Amino acid sequence: MEESLLTDAAVRAHRYRQSLPSRGVVPAGDAVEAVERLCGSLPEEGEDPSSILQRLDEFGSPATVSTAGGRYFGFVIGSSLPAALAANWLAGAWDQNAAVQSMSPVAARLETTALAWIGDLLGIPPTARGAFVTGATMANFSGLAAARHALLEAAGWYVEARGLFGAPPVTVIVGDEVHVSVLKALSLLGFGRDRVVRVPADDQGRMRTDRLPEIHGPTVVCAQAGNVNTGAFDPARELCEWAHRGGAWVHFDAAFGLWAHASPGRRALTAGIDGVDSWAVDAHKWLNVPYDSGVVFVRDGRHLRAAMSGAAAAYLPQSTLGEAMEYTPEMSRRARGVDAWAALRSLGRAGIADLVERCCRHATRMASLLRTGGCRILNEVVLNQVLVSFGSDERTRRVIDAVQRDGTCWCGGTVWHGTAAMRISLSSWATTDDDVDRSAAAIVRVASTTPA
Ligand SMILES: *Cc1c(COP(=O)(O)O)cnc(C)c1O
């Protein structure tokens, strides 16, 4: 019974993945409406698992967005690598809780192994402490919580016990192009997202080092590697020199950008980033593992532990090595290290470098095909992000709508320095040269039939 159920799930999953190249990127309207067949009120009696799976595949699969395929270029979205997906299934069957080592020795050990491998690929000092969280938002939160602890401890204030009421003020400096997830993390941490000091950005969105403020008192500087629109990097070396001279903590939101370090051809972009105090990175973006997965690294792990440890409880282990839950916001958590371990193992150092380089090459190719087709590229394509204008803001928005309806590929919109733009993010292992060519041709065709 269970064997045929799990086999059926694998067969259906495989069929779904095989259908990706030939299906439209967004589901048809009637497919989305049909999801209602899965809803309604809670049934009184249980149902046979095999018919549940059959129903889920029949009405669920057609209503998915093909983010696992090669022609989804919205936001910054990876696809799960086959090895990572398969390992994720096995880990699902294991049903391990990765909160503490005694609950799952294998989850704990694969997590520390994957963290060490990721740190090595990304140029993080080996003495830094890493932890798996749900994504870059929580990685930003965790890194900034460590910063909050360190800065206030140095000012004689134990924030985890006493809270922020009456605490010495902490100045927060961000770039004008700060990602919204950092602002969200700041609001969750009681720093307030509106009391930040903003540093003006240049035409690519980088913090301007000629406009840095003076630093007084406890200060955290939030910079980024990989602007979500342009892919640009804040200058880590100059920022660290200035910030550390003033005794500030430097946090880098490096959600997808730090993966550039894994490719020798792009490594120069990350120069100096090994000198920062905390890093937030995603695994579910450029490492192409299943959701949800991200990593925080903190140079001095004591601060992360102090920020994340709860009060002692008699039934919870207190190991000298440190339990995962002492370094993360959660207690119970899934074994994220397993799928990351499998992804890293399946590609190896060379394969990761190739994945990053290939996505960057796709971005360059996309930009050049679109330029040839008469579109205007708004950014310097240094990484995997391309910004496109089709003339007026109004026309650009209409082209984006029409491209999304066309269904060959999916690209989102943004506003870049006051101008409407299409965003194209090349982040998936599954994207081929042919996907890029077909998508560029579709965008040019749609644009040519959109009135000025
Ligand atoms: C995607 C992204 C985030 C948020 O990451 P999640 O994994 O969605 O939480 C933060 N910063 C940057 C630069 C990003 O691209």
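Predicted model: local features only at pLDDT ≥ 70, side-chain atom pairs only at ≥ 80, totals over all residues.
Over how many bridges do β8 and strand β9 pair, and in which sense? The two strands pair over two bridges, in the antiparallel sense.

- Four strands form an open sheet in the order β8-β9-β11-β10, and their pairing is antiparallel.
- The edge positions go to β8 (376–377) and β10 (412–416), each of which has a single partner strand, so one side of each is left without a neighbour in the sheet.
- If you want to find the β8 and β9 (residues 385–389) pairing in the structure, look for R376, whose bridge partner in β9 is S389.

**The helix across the sheet**
- Helix α11 (residues 336–372) lies across β8, β9 and β11 (419–425).
- Relative to β9, α11 runs at about 15°.

**The helix pair**
- Two packed helices are described by the angle between their axes and the distance between the axes.
- For helix α4 (residues 82–94) and α11, the axes cross at roughly 150° and come within 8 Å.
- Angles over 145 degrees count as roughly antiparallel, and α4 and α11 are therefore roughly antiparallel to each other.
- The crossing in which α4 passes α11 is right-handed.

**Residues where the helices meet**
- From α4, the contact involves A83, A84, A87, N88, A91 and W94.
- Facing them in α11 are V338, D339, A342, A343 and S346.
- Sorted by class, this contact of α4 with α11 has eight nonpolar residues, two polar ones and one charged one.

Definitions and conventions
Residues numbered from 1 in each chain as written. Heavy atoms only, no water. Axes fitted to C-alpha atoms, helices over the stretch in contact; angles between N-to-C directions. Parallel < 35°, antiparallel > 145°, perpendicular 65-115°, else oblique. Left-handed = near helix turned anticlockwise from the far one by under 90°. Contact = heavy atoms within 4.5 Å. Nonpolar A, V, L, I, M, F, W, Y, C, P; charged D, E, K, R; others polar. Pairing = 2+ DSSP bridges.
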